[in-house]
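Reader: I have a model open and want to go through it with you. Where shall we start?

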Amino acid sequence: MQECIFCKIAENKIPSVNIYDSGKSLAFMDIMPARKGHVLVIPRKHGEILSDISEEDLKDVILTVRKVTDAMFKSLCCDGINVHQCNRAAAGQVVNHVHFHLIPRSEGDNLNFGWPHEAYDKGEMENIAGKIRSSL
Ligand code: AMP
Ligand code: ZN
């Protein structure tokens, strides 16, 4: 993936401030942080969305996410951490290489992760659940 900015970071072709390299995954600082200390974790191998990543690489990525969140809790005195991941543009994905955002939070910060709550019609939730189950 020649034009992928995160592939270039993984290949050391453009600069990044790295936190941890497992060999299969890389954690580095987000240059436009939602909060200071915002880290991104990527699989080194390119894939656009979760289903493009092998089980082996995905396991490594999530273990790296856990390792780095542990280090963030220890080092940043944050009250919480959001782990956020977007699949496709409609979900807010801008960089088309799978990545997890690790965003440190403090009580009373005004970062708004709130979303509205829709109401189901009678039977609708079971219906939708059935559709998802039948595609597993
Ligand atoms: P998303 O909207 O989920 O695709 O997030 C992409 C993230 O990548 C944003 O938070 C950007 O700030 C971040 N980003 C883009 N380019 C770079 C870069 N060269 N180094 C570090 N972070 C980057
Ligand atoms: Zn890539």
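Reader: How are the donor residues of the zinc ion (ligand 2) spaced in sequence?
Author: This is a predicted model. The protein donors are Cys4 (SG), Cys7 (SG), His46 (ND1) and His97 (ND1). Their spacing in sequence is C-x2-C-x38-H-x50-H.

Reader: Which parts of the chain does the pair His46 and His97 link?
Author: The two histidines are 51 residues apart and link distant parts of the chain. His46 sits in the loop between β3 and α2. His97 sits in the loop between β4 and β5.

Reader: Is the site of the zinc ion (ligand 2) tetrahedral or irregular?
Author: The donors lie 2.0 to 2.3 Å from the zinc ion. Four donors count as tetrahedral if all angles lie between 85 and 135 degrees. Here the angles among the 4 donor atoms are 106 to 118 degrees, so the site is tetrahedral.

Reader: Is His97 buried or exposed?
Author: Buried means under 20% relative accessible area. His46, at 25%, counts as partly exposed. His97 has a relative accessible area of 0%, so His97 is buried.

Reader: How far apart are the end C-alpha atoms of helix α2?
Author: Helix α2 covers residues 55–76, which is 22 residues. At 1.5 Å a residue, the helix should span 32 Å. The model agrees: the end C-alpha atoms are 31 Å apart.

Reader: What covers the buried residues of α2?
Author: The buried residues of α2 include Asp57, Val61, Val65 and Met72. Their cover includes these strands: β1 (18–21), β2 (25–29), β3 (39–43), β4 (80–84) and β5 (100–105).

Key:
Residues are numbered from 1 along each chain as its sequence is written. Chains are lettered from A and ligands numbered from 1 in the order in which they are written. This is a predicted model: local features need pLDDT of at least 70, side-chain atom pairs count only at pLDDT 80 or more; totals for chains, interfaces and linings use all residues. Side-chain values use heavy atoms; hydrogens and water are left out. Helices (H or I, at least four residues) and strands (E, at least two) are DSSP runs, numbered from the N terminus. The expected span of a helix is 1.5 Å times one less than its number of residues. Buried means under 20% relative accessible area, exposed over 50%, partly exposed in between (1.4 Å probe, protein chains only). Contact means heavy atoms within 4.5 Å. Donors are N, O and S atoms within 2.8 Å of the metal (3.2 Å for Na, K and Ca); water is not among the atoms, so sites may look incomplete. Four donors count as tetrahedral if all angles lie between 85 and 135 degrees; four count as square planar and six as octahedral if opposite donors are over 155 degrees apart and all others between 65 and 115; anything else is irregular.
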